[in-house]
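Okay, thanks for coming, everyone. Let me put the model up, and then I'll walk you through the parts I looked at.

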Amino acid sequence: MTIRYEFVKREIAGEYFLVPIGNAAKKFTGMFAMNEVGAFIWDILPDAENDRAVVKRILEEYEVTPEAAEADVREFLDKLREMEIL
């Protein structure tokens, strides 16, 4: 999957955030907070071909039902698409 803007993932006090850098800092103000699963998804996005590939990796990494994995991935990726990050 293609990420359109540059972000750096940071862990601050046990919380994960995406911090915009470069041109992304001009478009996005503030930080984007994520949970552990969101941080995992962010890390695998460049190698994932599509949403299904992300769900597959979630199922390999976490003990979760396919339905829950699909819902979590859909919610996270929809938010990134809404923000025009993906």
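This is a predicted model: local features need pLDDT of at least 70, side-chain atom pairs count only at pLDDT 80 or more; totals for chains, interfaces and linings use all residues.

Now H3 itself. That's residues 51–61, and its buried residues are Val54, Val55 and Ile58. Those three span an arc of only 100° around the axis, so they sit on the same side of H3. If you want the reason behind that kind of spacing, an α-helix has 3.6 residues a turn, so residues three or four places apart point the same way.

Okay, back to the two covering helices. In general, two packed helices are described by the angle between their axes and the distance between the axes. Here, the axes of H2 and H4 come within 11 Å, and they cross at roughly 65°. That crossing is right-handed. Who makes the contact? From H2 you've got Gly38, Ile41 and Trp42, and from H4 there's Val73, Phe76, Leu77 and Leu80. By type, that's six nonpolar residues, one polar and no charged.

Moving on to the loop between H2 and H3, that's where aspartate 47 is. Buried or exposed, this aspartate 47? Exposed, because its relative accessible area is 68%, and the cut-off for exposed is over 50%. Aspartate 47 is also 9.2 Å from threonine 2, C-alpha to C-alpha, though they're 45 residues apart in sequence.

Last thing: backbone angles. Most residues other than glycine have a negative phi. Alanine 13 has a positive phi, near 50°, and it isn't a glycine. You'll find alanine 13 in the loop between strand S1, residues 7–12, and strand S2, residues 15–20. It counts as exposed, because its relative accessibility is 79%.

The other one is glutamate 84, again not a glycine, with a positive phi of about 65°. Glutamate 84 is in the segment after H4, and at 38% relative accessibility it counts as partly exposed.

That's what I've got, so over to you.

Terms used
Residues are numbered from 1 along each chain as its sequence is written. Side-chain values use heavy atoms; hydrogens and water are left out. Buried means under 20% relative accessible area, exposed over 50%, partly exposed in between (1.4 Å probe, protein chains only). Helices (H or I, at least four residues) and strands (E, at least two) are DSSP runs, numbered from the N terminus. The arc is that of the directions from the helix axis to the C-beta atoms. Axes are lines fitted to C-alpha atoms, for helices over the stretch in contact, and angles run from 0 to 180 degrees between N-to-C directions. A crossing is left-handed if the near helix is turned anticlockwise from the far one by less than a right angle, and right-handed if clockwise. Contact means heavy atoms within 4.5 Å. Ala, Val, Leu, Ile, Met, Phe, Trp, Tyr, Cys and Pro count as nonpolar, Asp, Glu, Lys and Arg as charged, and the others, Gly among them, as polar.
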